[in-house]
Amino acid sequence: MPPVKHKALINVDLGEGYGNLKCGPDGELLPFIDIANVACGFHSGDPLIMSSTVSACKARNIRIGAHPGLPDLQGFGRRYMQLSPEELTAITIYQVGALKGFLDAEGVRLNHVKPHGVLYGMMCRDLEVAKAVMRGIPKGVPVFGLAGTKMEEAARDEGVEFWAEMYGDVKYSPDGMLVIDRIKKPWKTEDVEKHVRQQLETESVTATDGSTVHLPVKEYPLSLCCHSDSPGCVEIVKTARQVCDEFNQEHGYS
């Protein structure tokens, strides 16, 4: 299978603390990323953290997107919840609007929306859930999602620009879906390197059962996601950065 057809950018979920509780080492990750997905208060994040995260990203010219999740602080947005379509649209509008307030205060554009955790997984499998969330995204703002799933279909149906994602620290099931862990597990850097390189160079990934799964990213713009709550996340992101830079240079993506 051929390599992906676009420059590989790195996005990381940031601002996922709450009050005095800190989640990831955001400051250490900023030098290695292109795009930030900022938590909007439902699965994590609060007004002061959102404000400081936006300011820190602006200082490094990092693109900023909203990272809305299910209303589940204790479960970090990684527990299944059943919400009506109207609720899903409303919680998306609410969270994106909260972040946009801080972006407007800093004179920064909303780059994209990337759903968090189990909400992302639900959207991959359920078209009606995916459409409901898409209806909460402001007009003209792209969504980041998993190509070849209901997320892509819903984005097309609702007229939302779609960016394909790959993952540096998440495993894939044999059906091409993500294996979403409630608590992130550690990765060896050599495994991260192999995982990322395979996806970029072959548009495929080795699934949890050892099979090779095609990742249909097509002609979509591409971003590789890593997580700030993964154990050893700084080394994970550094490794992903190195692989992406090598890939981009080799294929002439400036």
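A crossing is called left-handed if the near helix is turned anticlockwise from the far one by less than a right angle, and right-handed if it is turned clockwise. Helices (H or I, at least four residues) and strands (E, at least two) are DSSP runs, numbered from the N terminus. This is a predicted model, in which local features need pLDDT of at least 70 and side-chain atom pairs count only at pLDDT 80 or more, while totals for chains, interfaces and linings use all residues. Residues are numbered from 1 along each chain as its sequence is written, and side-chain values use heavy atoms, with hydrogens and water left out.

Begin with helix H4 (residues 117–125) and helix H5 (residues 127–134). Their axes lie 5 Å apart and the two helices pack at an angle of about 120 degrees. Axes here are lines fitted to C-alpha atoms, for helices over the stretch in contact, and angles run from 0 to 180 degrees between N-to-C directions. Angles under 35 degrees count as roughly parallel, over 145 as roughly antiparallel, 65 to 115 as roughly perpendicular and the rest as oblique. H4 and H5 are therefore oblique to each other, and H4 passes H5 in a left-handed crossing. In contact terms (heavy atoms within 4.5 Å), Leu119, Met122, Met123 and Arg125 of H4 meet Leu127, Val129, Ala130, Val133 and Met134 of H5. The residues of this H4 contact with H5 comprise 8 nonpolar, no polar and 1 charged. In this scheme Ala, Val, Leu, Ile, Met, Phe, Trp, Tyr, Cys and Pro count as nonpolar, Asp, Glu, Lys and Arg as charged, and the others, Gly among them, as polar.

H5 also packs on helix H6 (residues 150–158): the axes come within 8 Å and cross at roughly 50 degrees. That makes H5 oblique to H6, and their crossing is right-handed. From H5 the contact takes Leu127, Ala130, Lys131 and Met134, and from H6 it takes Lys150, Met151, Glu153, Ala154, Ala155, Asp157 and Glu158. The contact of H5 with H6 divides into 6 nonpolar, no polar and 5 charged residues.

Further along, H7 and helix H8 (residues 233–250) pack at about 35 degrees, with axes 9 Å apart, and H7 passes H8 in a right-handed crossing. Among the H7 residues that meet H8 are Val192, Val196 and Leu200, and the H8 side includes Ile236, Val243 and Phe247. By class, this contact of H7 with H8 has 8 nonpolar, 2 polar and 6 charged residues.

On a 1 Å grid over the protein atoms alone, a pocket is an open set of points with protein on both sides within 12 Å along at least five of seven lines, a cavity is a set where a 1.4 Å probe fits but cannot get out, and lining residues have an atom within 4 Å of a point. Grid points are joined across faces, edges and corners, and a volume is the space filled by probe spheres set on the points. The largest pocket has a volume of about 250 Å³. H7 (189–202) and strand S6 (204–206) each supply at least two residues of its lining, and the largest share, 4 residues, comes from H7. The pocket lining includes Trp187, Asp191, His195 and Thr206, and divides into 4 nonpolar, 4 polar and 3 charged residues.

The structure holds 1 cavity of 30 Å³ or more. The largest cavity has a volume of about 130 Å³. Of the 15 residues that line this cavity, Gly117, Tyr167, Ile180, Lys184 and His227 are the closest to its centre.
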